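Let's take a walk through this protein together, going from the overall fold to a few individual residues. Keep the viewer open as you read.

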Amino acid sequence: SPLSFWRGDGDEAFINYAFSVRIFCITCAAMKLGIMFFLLLPILGTAYSLWRIWQILPLNTGFKAGIVVLLALSIVLLFVDFGLGLNRVPISIAVPMYEIGTSSIFILLYVVMLFGLLDLGRLVHIVPSSLLINSAKGSLAMLFLIVGIFVYGNVHYRNKVRRPIELITARSLKQPFKIVMMSDLHQIGTYSEYLVAELHNK
């Protein structure tokens, strides 16, 4: 039986117990390392992207610092959203906080991938270094590419549509039923209510 593992006298019972405690401690340590690694990824990605943005911008130190600080604050806003809770602020503030904070992590992902590809191209002598250091052409190319990707994605995201689906059943119904299904409402609370109201108005 499952309880037989814990039954025994003397050294056998102690060894079984010590083995279980050791497995539990290893599992907890692995989970902590996994969480730390998961939290470390956006920090490393932010540091890498901000460093590359600082290098590619053909501006003086003051303008570079202002742009980098604003971008860093947009990333920090994501953690503020989850730590503070959007239900504690008015909807007029919660909506831009949510949109800026959640959008920043996806923009960061694409910026890291693009800079990673550019750095790889530089290492194999496909991309000239002059395009990545104090380069107006490189800065504009990155800006137009990122803006184009996310404008395209945002247009499709906001194009919420109703799709009627006809369900056929062999059972006889006393009256017709209307079933409403919704998806991708990840943020509960105030912002979800805002999305429901927006969809209902359509």
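Helices here are DSSP runs of H or I with at least four residues, strands are runs of E with at least two, and both are numbered from the N terminus. What you're looking at is a predicted model, where local features need pLDDT of at least 70, side-chain atom pairs count only at pLDDT 80 or more, and totals for chains, interfaces and linings use all residues. Residues are numbered from 1 along each chain as its sequence is written, and side-chain values use heavy atoms, with hydrogens and water left out.

So what is the fold made of? The protein has 5 helices and 0 strands, and reading along the sequence you get the pattern α-α-α-α-α. Now for burial, where "buried" is under 20% relative accessible area, "exposed" is over 50% and "partly exposed" is in between (1.4 Å probe, protein chains only). Of the 202 residues, 22% count as buried. The protein exposes about 15,700 Å², and carbon and sulfur atoms supply 70% of that. Those areas come from the Shrake-Rupley method with a 1.4 Å probe, and for residues only the protein chains shown count as cover. As for contacts (heavy atoms within 4.5 Å), take those between residues at least 6 apart in sequence: 66% of them join residues at least 24 apart.

Next, a look at empty space. Rolling a probe the size of a water molecule over the atoms shows where empty space is left. Grid points are joined across faces, edges and corners, and a volume is the space filled by probe spheres set on the points.

Which residues line the second largest pocket? They are F38, L39, L41, P42, L78, F79, F82 and I105. The elements giving two or more residues to this lining are α1 (11-56) and α2 (61-84), and α1 supplies the largest share, 4 residues. The pocket's volume is about 160 Å³. By class, its lining has 8 nonpolar, no polar and no charged residues. In that count, Ala, Val, Leu, Ile, Met, Phe, Trp, Tyr, Cys and Pro are nonpolar, Asp, Glu, Lys and Arg are charged, and the others, Gly among them, are polar.

Now move to helix α3 (residues 91-123), where you'll find T102. T102 counts as buried because its relative accessibility is 16%. Its side chain reaches the backbone oxygen of Y98 at 2.5 Å. That's a polar contact, meaning a pair of N or O atoms within 3.5 Å; within protein, one must be able to donate a hydrogen and the other to accept it, and residues adjacent in sequence count only if both atoms are side-chain atoms.

L118 also sits in α3. Not counting residues up to four places away in sequence, L118 touches V127, L132 and M142. The C-alpha atoms of L118 and L132 are separated by 8.1 Å, with the two residues 14 apart along the chain.

H125 isn't a glycine, yet it has a positive phi of about 65 degrees. Is H125 buried or exposed? With 74% relative accessibility, H125 counts as exposed. N134 lies in that loop too, and again a non-glycine has a positive phi, here about 45 degrees. At 47% relative accessibility, N134 counts as partly exposed.

Finish in helix α4, with G138 and S139. G138 is buried, at a relative accessible area of 5%, and S139 counts as buried at 13% relative accessibility. Leaving aside neighbours within four places in sequence, G138 is in contact with I56 and L131, while S139 is in contact with I56, L57 and P58. G138 and I56 are 82 residues apart in sequence, but 6.8 Å apart in space, C-alpha to C-alpha.

Note on methods: 1 Å grid on protein atoms, 1.4 Å probe; cavity = no way out; pocket = protein on both sides within 12 Å on 5 of 7 lines; lining within 4 Å.
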